[in-house]
Amino acid sequence: MGIRVAAATWASMDRLVIEHATRGILNEGTLKIWQSTIQQNTVGGIYSTGPLTMVDSTVASNSANATLTAGGISVLDTTAWITNSTVVDNVQDGGGGGIYLGEESYPGGDRPSLYLHNVTITGNSSAAYWGAGVRVSTGTVFVANSIVYDNSSPWEGHSDFGLDGWASGSPLG
């Protein structure tokens with residue numbers, strides 16, 4: 001494992017490169033990431049069950065194959081704010097390639113939310129499900145000034161965004 005932020009703790013990471021680990025970052029506390037790169041990890045880039053803020057960062061070329069995860073960023077039972085960042089070329093065999101938003105204790109956990117502002121999500125792939133760019137199993141995603149494009153999954157027409165029955169999405173102001 002790369003870095004673990006334990007429950008009930010707070011961490012801030014600035015200008016780090018986390019690569020070639022099993023899981024890049026496991027966040028169970030509160031995490032802020034600034035100007036960092038999380039890449040080429042084999043069990044996903046970031047797995048977050050605690051609040052996550054990511055600014056001016058890149059999550060690239062990570063892979064994962066478990067359900068309820070993404071190759072890039074998994075956000076479960078919490079809120080994530082991603083700004084001025086790139087999520088690119090991540091691969092997932094059983095969920096969202098770039099970003100997965102859902103509940104770990106489905107149903108009944110906290111309703112998760114995802115805020116994307118000036119984010120580029122491209123080149124991600126999912127072999128089994130829709131939403132290779134962003135898959136929202138449950139929760140709400142808000143998007144502003146962002147690009148979600150050229151992601152691939154076997155579900156024609158649902159490669160960039162996949163919204164399941166308990167999900168909703170909205171453009172920001």
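## Strand pairing around β14

Two strands count as paired if DSSP finds at least two bridges between them, and the strands themselves are DSSP runs (E, at least two residues), numbered from the N terminus. This is a predicted model, in which local features need pLDDT of at least 70 and side-chain atom pairs count only at pLDDT 80 or more, while totals for chains, interfaces and linings use all residues. Residues are numbered from 1 along each chain as its sequence is written, and side-chain values use heavy atoms, with hydrogens and water left out.

By this rule, strand β11 (residues 73–76) pairs with β14 in the parallel sense over 4 bridges, and β14 also pairs in the parallel sense with strand β17 (residues 134–144), over 3 bridges. L101 of β14 is the bridge partner of V75, and L101 stands opposite V136 in β17.

In a regular strand the side chains alternate between the two faces of the sheet.

## A three-strand open sheet

An open sheet of 3 strands runs in the order β10-β13-β16 with parallel pairing. Its edge strands, β10 (63–64) and β16 (125–126), each pair on one side only. Between β10 and strand β13 (residues 91–92) there are 2 bridges in the parallel sense, and Q92 in β13 is the bridge partner of A64.
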